[in-house]
Amino acid sequence: MLRHSTMDTPGGAFTLVVADSGAVRASGFTTELPELVSLIHPSLVEPTEPADDVGAAQAAVRAYFEGDLLALDSVVVEQHTGGEFMAHAWRVMREIKPGDPVTYSRYAELSGRPAAIRAAAAACARNAVALIVPCHRVLRTDGSLGGYRWGLPVKSWLLEHESAG
């Protein structure tokens, strides 16, 4: 069974979808549960029920917005793609530190495939666990914001929050 909970944050409504194990399978700045569940790999989808609190992940998100920018580092996530590069790229993405965003080209280098800039961008686009797997910390090669599933104002706010910390 998956549990979901939505909380108010300075970036807007934020919803977490969490497995019984406590691992986050999807998260994003939305109240639209079907949109989030559609991001979860089919092998990880289960029935979902609402919860007032989904545990440690929700506490970590609260702490992040209260200024503990490293609080999300301990949150367990479960994503699956079937591709080795994507799984590796998501692990590397979690190593990008708050306040130190990287470009897609640098992210490709960090992921071990410097020429794979499009694959690095795809890892950002296919990330189901926004904020916790910090795709917002990856910028266009020219340093501009680029895209963000949850909107550029949210991405901009997150980057500003992290640079102020």
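The following dialogue explains how to read several features of this structure, which is a predicted model.

User: Into which domains is the chain divided?

Analyst: There are two: domain 1 spans residues 2-66, and domain 2 spans residues 84-164. Their C-alpha centres lie 20 Å apart. Domain 1 supplies 17 residues to the contact, and domain 2 supplies 15 residues.

User: How much area do domain 1 and domain 2 bury between them?

Analyst: The two domains bury about 1300 Å² between them, and 71% of this is on carbon and sulfur atoms. On the side of domain 1, the residues that lose the most area to domain 2 are Phe 29, Leu 39 and Tyr 64, which together account for 47% of what that side buries.

User: What describes a pair of aromatic rings?

Analyst: Two quantities are used: the distance of the centres and the angle of the planes. In this model, a search of the whole structure finds four aromatic pairs. One of them joins Phe 29 and Phe 65, with 6.5 Å from centre to centre and 90° between the planes, an edge-to-face arrangement.

User: Which parts of the chain does the pair of Phe 29 and Phe 65 link?

Analyst: The pair links distant parts of the chain, with the two residues 36 apart. Phe 29 belongs to the loop between strand E3 (24-28) and helix H1 (33-37), whereas Phe 65 belongs to helix H2 (residues 56-65). Both Phe 29 and Phe 65 are buried.

User: Why is the pair of Tyr 64 and Phe 65 edge-to-face?

Analyst: The angle between the planes decides the matter, because planes over 60 degrees apart count as edge-to-face. The planes of Tyr 64 and Phe 65 stand at 85°, with the ring centres 5.0 Å apart, so this pair is edge-to-face. Tyr 64 is buried, as is Phe 65.

User: Which residues do the ring pairs link into a cluster?

Analyst: The cluster consists of Phe 14, Phe 29, Tyr 64, Phe 65 and Trp 157.

User: Where does the charged end of Arg 113 sit?

Analyst: It sits over the ring of Phe 85, at 4.4 Å from the centre of that ring.

User: Is Arg 25 buried or exposed?

Analyst: A residue counts as buried when its relative accessible area is under 20%. Arg 25, which lies in strand E3, has a relative accessible area of 9% and is therefore buried.

User: What does the side chain of Arg 25 reach?

Analyst: It reaches the backbone oxygen of Leu 44 at 2.5 Å. A polar contact of 2.6 Å also joins the side chain of Arg 25 to that of Glu 78. Leaving aside residues up to four places away in sequence, the residues that Arg 25 touches include Leu 2, Val 17, Ile 40 and Val 129.

User: Which polar contact does the side chain of Thr 103 make with another side chain?

Analyst: Its partner is the side chain of Ser 105, at 3.0 Å. A polar atom of the Thr 103 side chain also lies 3.1 Å from the backbone nitrogen of Arg 106. Thr 103 is in strand E5 (residues 102-103). Not counting residues up to four places away in sequence, Thr 103 touches Val 138, Leu 139, Arg 140 and Thr 141.

User: What is the phi of Leu 131?

Analyst: Most residues other than glycine have a negative phi. Leu 131 is not a glycine, yet its phi is positive, at about 75°. Leu 131 lies in the loop between helix H5 (117-125) and strand E6 (138-139). With a relative accessible area of 0%, Leu 131 is buried.

User: How far apart are Gly 12 and Pro 42?

Analyst: These two are 30 residues apart in sequence and 27 Å apart in space, C-alpha to C-alpha. Gly 12 is found in strand E2 (residues 12-19). Its relative accessibility is 26%, so Gly 12 counts as partly exposed. Beyond residues up to four places away in sequence, Gly 12 touches Met 7 and Phe 29.

Terms used: Residues numbered from 1 in each chain as written. Predicted model: local features only at pLDDT ≥ 70, side-chain atom pairs only at ≥ 80, totals over all residues. Heavy atoms only, no water. Phe/Tyr/Trp six-rings, centres within 6.5 Å; stacked < 30°, edge-to-face > 60°. Helix = DSSP H or I, 4+ residues; strand = E, 2+ residues; numbered from the N terminus. Buried < 20%, exposed > 50% of the residue type's maximum accessible area, 1.4 Å probe, protein only. Lys NZ or Arg CZ within 6 Å of the ring centre and 35° of its normal. Polar contact = N/O pair within 3.5 Å; in protein donor to acceptor, adjacent residues only side chain to side chain. Contact = heavy atoms within 4.5 Å. Domains from an automatic or database assignment. Buried area = accessible area lost by both parts, 1.4 Å probe.
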